[in-house]
Amino acid sequence: MVEANITCPKPMQSTSEGAWQGDNPLHFALSLLILQICLVVVLTRSLAFLLKPLRQPRVIAEIIGGILLGPSALGRSSKFLNSVFPSQSLTVLDTVANIGLLFFLFLVGLELDLRAIRRTGKRTLAIALAGISLPFVLGIATSVLFRATIIKGARQGPLLVFMGVALSITAFPVLARILAELKLLTTDIGRLAMSAAAVNDVAAWILLALAIALSGSGSPLVSLWVLLSAAGFIVFLVIAVRPILAWMVRMSPEGEPVREAYICTTLVIVLAAGFVTDTIGIHALFGAFVVGILVPKDGPFAGVIIEKVEDLVSSLFLPLYFVSSGLKTNVTTISGAKSWGLLVLVITNACLGKIFGTFVISILVRVPVREAVALGFLMNTKGLVELIVLNIGKDRKVLNDEAFAILVLMALFTTFITTPIVKAVYKPARSVAPYKHRTIEHTTETGSEFRVMACFHTSRNIPALINLIEASRGTKRRLLTVYAMHLVEFSEQSSVISMVQRARRNGLPFWNRHRKAVAGGGQMVEVAFEVYQQLSSVSVRSMTAISDLNTIHDDIITSALNKRVALIILPFHRMLQFDGSFESIGHAYHLVHQRVLRHAPCSVAILVDRGFGGAAQVSAKNVEYSICVLFFGGRDDREALAYALRMVEHPGISLTVIRFRVANSLNVPLISEDNTADETVIEVCKAKAEKGNIKYEERVVECHAEMAAAVRDTGKGTNLFLVGRSPPMPESLSEKQEFPELGTVGNYLASREFMAMASVLVVQCYDPDRDTYSKRYIAEGESSVAPVTHDRDIEVQLD
C-alpha cells in the first residue's frame, strides 16, 4: 500500500517585502487584491461604456465582466487563473466582496419605506402579488424538472424555494435606474412599477430567508429554531435599535451637518446585525438589510449615509461580488440539447410568469394594454439580488455548476431585453394643444396668463430665481404661474432613494404621498417656493427632471410644451464665487443651454447671476431694483424690452432704456430686420417714460469701446441688465464670443472686463420658423393611442 504525499498550499501572507527582495507581489494577499480590484473596475467600466448606447444598466456590464474573468472565458487559461485568481486568494476576495455586499444591502434597505408599502393601494398590491405568485409556481415546476435531470439527489424543499425565488424576484434598484434612463420614473407606469417592485422585494427576502433556513444540514427542528431566532432578532431590532436610529435622525435636522459619531454608530450597528444573523444561520446580509429598512427616511440622515457609503461600495467593492459569481459560473457546463433546452425553458418560464402574470392582473385593474405589457417587462428585471440568491443556493449545495450557470444566463437575458422592449412597446402619451402665447410680448399684449418655467441646478440658484420671479409678476390683475424645475443629473452613482425622493416633488410617487419632508436638501427647496407663494399672488409649482445631461434638454422642452409656457429661464453654467469670479459647474450644462436655445418652443432667458437681490428672498415691500435694457433692435431686443416693461409695473422697480445708434448713420437704428416693429415698441416706451418710473435715452456710438464705456457708466447703479441674445450687430461693435448662447452684448456683460456687480438676463425671442421640435412632438403625441395620465405626475402645486 502506497501512501500519497499531499502537500497543502501555504496560506498567503498579507504583504510582501518588495520585488527587490525577491518577493513576487502576486503571491501576497494585499497586492493581489489590489490588482484584482483594478482589473475588475477597468473591465466592468469599459463594458459599461460599450453598452451605454444600448442604454443598459451597469449591472449588465458587471455580470458580463464577472463571467468573462471566470472559467467561461479568460479563466479557461490556467496560467491566468492561477496568477490573478489563485485558489488561495479566493477567501480574501470573497470576504471583501461580501463586506461590500453587506453595506450595499444596507443601502437597499434604506431605499425601501415600509410605511409606503403599508399604504400601497389594492391595484398595486394585486399587480405585485401576481408578479410573485405565477413565476414562483413556475419556478417550483421548473425545479422538479431540474431535479429529475441535472441536479439529481438535491434536497427537494430548499430547491423548490430557491428556484421559486430566483424566478419571481424583481430587482428594485436596477428597475429604478432603468425607469430613470427611459424617463418613466415620474409617470403613472413608473410609480406603479416601483410600488410593485418594493412589495416584491420584501416578499422575496422573506422567501429567501425561508429557503436559507430550510437549506441547512440539520433536522427540520433546527430550521424551525433558525426561523424563530431570526424573527426574535428582528423584534429586538425594532424594539431596541430603531429608537436609537430614530434619535440620531432627530438630532440631525435639515441644514445641519450630520455628526460623524452618528454615521460611525450606524455602520457598526449594520456590522453587528450582520454578525448576529450570520451566527443564527440566516446569512449576514439579512441583518444589514433589516437595519437599512429600520433607519427613518425623514431628514438628511439617510441621504448623508448614502453619500458617504455608496460610491466606495458600488464602485470598488460590489463589482468584486460579480467577479466572485463569475468565477463560479462556467458556461461551458451548458452543453448538449438537454442543457440548452433547460436554459430556454427557464427563460421562457421566467418571462411567462412575470410578464403574463403582471399583464393579466394589470388589465383586470384597468391599466391600458400598452402600459400593461411594458409593466410586465419592467417587473421582469433581474439584478444583484438574483445573483445573491443563486450564490447562496450554490454555497448551500442546492444548485450545482450547470444549474447555477443556466440561472445566471437567465438573469442576464431577462434584464438585457427590458430596456429595448419597453422602448419599443411603450411611448408615453402626449396631449399638447397648440398655443399662441409663446413670447412675453404677445402675452403682455393680450393680457393673458404669463407662464414661466424657471430651471435651477442647486439651492444656490433659488434666491436670485425667486427675486427675479417677484420682479416679473407685474400688476395683480395679471396672472403669473411659475413652474420651478429642478435639473438633476442622472448617473449610475445616483442612489434610488435620492432619485425617488426628488421625483416625489415631481409627481408624488409611491411613498410619503402626504408628507412634505424630503431628504437631502429637498425640503429646503420646497419650503423656499412654498413661503414665496404664500407671500405673493404667484402660483408656484415644483417640478423635477431626472435625466442624463445629454438628454435633459428634452425634459425641459417637452415640459414647456405641456405647460404651455411663454418663457424658459435657465441659470448660466458659471456660478458666482465669493471673490467675484465665476466658476463653471461643467461644460455639459453649457451644452444643455445651447440645445434648449436651439429647440425651445417659446422664448428663453439665461440668467447670469451676480447676487441679484442678495443671498436671500426679498419681500415685495422691500424690492428696490434698478434695471436697464440695452436696445439695439431686432426680435430678441424687443422681447427683452417687453419683459422689462412688465417688470417696471412693480412699484419697487425703476427702468432705464438705452437705445444705441451708429454715429455715421444719424437717426437710423443700428440694424433691424423690422424697423417698423422697433419704432413701434420704442414709441410705446417713450410714452410710458413720460408717466412712470422709466427713463429713456439714446447713445450714439462708433465702435465697441464707446459702447462698452456707455454700458459701464450705466452699470454703476444697475441691479439687472436685460439684453437680446442676437441683435444684428455691425462689425464695428462685434467681438469674439466666448459663450455663443449669450450673444455679443451678453458676452461683454458676463466678462471680467465688465466690472459692475449687475446681473444679466439674456433673452432670445421665440422664432416659429425654426421650431421643428414642437411640430414633431405634437405629431408623435397624436399617433399615441394610450390615454393621457401623466400631467399630474409632472407637477405638484405646493399649496
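Which side chains meet in a salt bridge at 3.4 Å, N to O? They belong to Lys328 and Asp395. Keep in mind that this is a predicted model, where local features need pLDDT of at least 70, side-chain atom pairs count only at pLDDT 80 or more, and totals for chains, interfaces and linings use all residues. Residues are numbered from 1 along each chain as its sequence is written, and side-chain values use heavy atoms, with hydrogens and water left out.

**The big picture**

- The protein's secondary structure comes to 30 helices and 13 strands; helices (H or I, at least four residues) and strands (E, at least two) are DSSP runs, numbered from the N terminus.
- Of its 799 residues, 57% count as buried, where buried means under 20% relative accessible area, exposed means over 50%, and partly exposed is in between (1.4 Å probe, protein chains only).
- Take the contacts (heavy atoms within 4.5 Å) between residues at least 6 apart in sequence: 81% of them join residues at least 24 apart.

**Salt bridges**

- The structure holds 10 salt bridges, each one a side-chain nitrogen of Lys or Arg within 4 Å of a carboxyl oxygen of Asp or Glu.
- Back to the opening pair: Lys328 sits in helix 13 (residues 301-328) and Asp395 in helix 16 (residues 384-395), so their bridge ties together parts that are 67 residues apart in sequence.
- Glu697 bridges to Lys695 at 3.7 Å, N to O, and Arg699 also forms a salt bridge with Glu697, with the closest N and O atoms 2.8 Å apart.
- Salt bridges that share partners join Lys695, Glu697 and Arg699 into one network.
- Within that trio, Glu697 is buried at 18% relative accessible area, while Arg699 is partly exposed at 25%.

**Aromatic rings**

- There are nine aromatic pairs; rings of Phe, Tyr and Trp (its six-membered ring) pair if their centres lie within 6.5 Å, and planes under 30 degrees apart count as stacked, over 60 as edge-to-face and the rest as tilted.
- Trp205 and Phe286 have ring centres 5.2 Å apart and planes at 90°, so this pair is edge-to-face.
- That pair links distant parts of the chain, with Trp205 in helix 9 (residues 188-214) and Phe286 in helix 12 (residues 284-294), 81 residues apart.
- Phe612 and Tyr625 make a tilted pair, 4.6 Å centre to centre with 40° between the planes.
- Phe612 is in the loop between strand 7 (603-608) and strand 8 (625-631), whereas Tyr625 is in strand 8; both residues are buried.

**Cysteines**

- A search of the whole structure turns up zero disulfides, a disulfide being a pair of cysteine sulfur atoms within 2.5 Å.
- Take Cys602: the closest cysteine sulfur is in Cys455, 9.7 Å from its own, which is too far for a bond.
- Cys602 is buried, with a relative accessible area of 1%, and Cys351 is buried too, with 14%.

**A look at Gln36**

- Gln36 has its place in helix 1 (residues 29-51) and is buried, with a relative accessible area of 1%.
- Leaving aside neighbours within four places in sequence, Gln36 is in contact with Val84, Phe85, Ser89 and Leu93.
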